[in-house]
Amino acid sequence: MHAEAVVSRAGSAEPLRRIVGGIGAMGWAEIRKLRHDNVDILTRSVQPLLWLFIFGTALRRNRALAGGFHDYRAYLAPGIMAQAALFIAIFFGLAVIWERDVGQLQRLLATPLPRVAIVLGKAGGAGIRALAQSVVLLIVLAATGISIKWTVGGVAGALVLLVFATGGFACLSMILASLVRTRERFMGIGQMVMMPLFFASSALYPLSIMPKWLRVLAHGNPLTYEVHGMRQLLLGIHTGGTLWVDFLFVAAFLAVAAAVAAKTYPRAIL
Amino acid sequence: MTFSVAAGESFGLLGPNGAGKTTTIRVLTTLLRPTDGGASVDGHDVVREGLAIRRILGYIPQAISIDGALTARENLEFYARVTDVPRAERRERIERAVGVMGLDSFLDRLGRTLSGGMLRRLEIATALLNRPRILFLDEPTVGLDPTARRLVWERLEELREEAGTTLFVTTHQMEEAERQCDRIAIMDLGRLAAQGTPAELCEEFEVDTLDDVFTAATGRTIEEGGSFRDARRSRRLSRRLG
């Protein structure tokens, strides 16, 4: 009798409540961790700032690289924000392996949380970390007078796009982690996935200057849509392709990656 | 292997590393599907009614499940949120678990700064918040010094007397099992070699201690067995705990 009562209740609004509650709890935990260790965000900001101020400044007057835009540093900024977020996301897979080696993963899987809530909770954690990182980078951009269009809607929209894409990449990373299972091997695989994603996207240069084969690859790369949307929102650059397509592609990427990760993630404990 | 555990009893699953104790716990906590056969917990089938089981269990894996980057209090809050504890009752239940497990003195310290005994008590506290009917503990006292070990067992005993929680414990420490468990099952190479109360087992095999029962039942001593991964894990664990 008791079993039936539980099962029938689980059939109604319970799963949704647990998914939302689980994402909330894991997001909350990530914020607390950030507050205990906020140096991490600052040290992680060094690399994107080097890209921006060394690489970007060196090529500052290069109009071809900036797709005709007058300042390559500004053109590069959304790409570098997305890249820094991608780095954060990819290392969430490493965290899964770490949590497997200690007992956190087993523990989470033995709670009533649905698998998809665990995966989305981790993705949300990566999103929050990436958001904090992006705020640091935006502050530097504002302080150095790089010509961003500072509109509330534009900045908010760009950050939403970034958080969704980062969540998707975190799920992708968790899928890889559940397949490779050891930390050492994951380091190699992580690099192997991250750099092609970065280069086969519009993060550093416009699609228009790419050879055809690379452009085809870039068109299937979520990072391209993320950066494209952010450029339109932060700089007002229109290079064909509409904003809603960017949002739709990134949202679909997150949904598919989360669904696959929810299936493969429990395998990580084996 | 076939066995059953009565409500409210303290049941010990014993065996050397690699015997299949952890796998058994993972099947019962719905982390692994049985490849053959079946099991039920509190009347719920482990394959078909996994969620119903996960709602009523507390599980403490062998490795540390506390998040080292969060404080003890935050760990409690986190597990309250993910184990279906109603929002209105969270505070009270956390306070109670803190009292029962004696965590007051280190509530605001980060998990990574806690000693092994503190960690185990904190873990047990996080597993009590949903008022589990059955608590699974995988090698709960590995790597603990005798004092911490005694404290953990005292708290578990109190819990069982107060709340009637069933304890399902795996261990390879025979004296500990003898002292703490109402009933014991001895496992070896994935099979159940013997089961009963410690006294029954000694009588059945005509020996004085459980250690000898193991040898008599399996023809081996308990030290053999185990894999590289098990060894690496328990050593890393004791290093972190130490």
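## Basis of the description

Because the model is predicted, local features need pLDDT of at least 70 and side-chain atom pairs count only at pLDDT 80 or more, while totals for chains, interfaces and linings use all residues. Residues are numbered from 1 along each chain as its sequence is written, and chains are lettered from A and ligands numbered from 1 in the order in which they are written.

## Helices α6 and α7 of chain A

Helix α6 (residues 115-143) and helix α7 (residues 152-180) of chain A have axes that come within 8 Å and cross at roughly 130°; helices here are DSSP runs (H or I, at least four residues) and strands likewise (E, at least two), numbered from the N terminus. The axes are lines fitted to C-alpha atoms, for helices over the stretch in contact, with angles from 0 to 180 degrees between N-to-C directions.

## Helices α10 and α11 of chain A

The axes of helix α10 (residues 222-235) and helix α11 (residues 243-264) of chain A come within 9 Å and cross at roughly 140°, and this crossing is left-handed. Among the residues that meet are Y225(A) and H228(A) in α10(A), with F247(A) and F253(A) in α11(A); the contact divides into seven nonpolar, three polar and two charged residues.

α10(A) is largely enclosed by the rest of the structure, because 14 of its 14 residues are buried, a residue being buried if 20 or more other C-beta atoms lie within 10 Å of its own, exposed if 12 or fewer, and partly exposed in between, with C-beta atoms placed from the backbone. Just after α10(A), G236(A) has a positive phi of about 75°.

## Where chain A touches chain B

In the contact between the chains, 25 residues of chain A meet 27 residues of chain B. On the chain A side, α1 (2-10), α2 (14-36) and α5 (104-109) each supply at least two residues, and the largest share, seven residues, comes from α2(A). By class, this side has 12 nonpolar, eight polar and five charged residues.

## Local features of chain B

In α4(B), the residues I94(B), A97(B) and M101(B) are buried, and what covers the buried residues of this helix includes α3 (72-82), α5 (116-128) and α6 (146-163) of chain B. α4(B) is followed by G102(B), which has a positive phi near 65°.

R131(B), although not a glycine, has a positive phi of about 45°; R131(B) is found in the loop between α5 and β5 (134-138) of chain B and is partly exposed, with 15 other C-beta atoms within 10 Å. L189(B), another residue other than glycine, has a positive phi near 50°, and its place is in the loop between β7 (183-188) and β8 (191-196) of chain B.

Methods
Contact = placed C-beta atoms within 7 Å. Nonpolar A, V, L, I, M, F, W, Y, C, P; charged D, E, K, R; others polar. Left-handed = near helix turned anticlockwise from the far one by under 90°.
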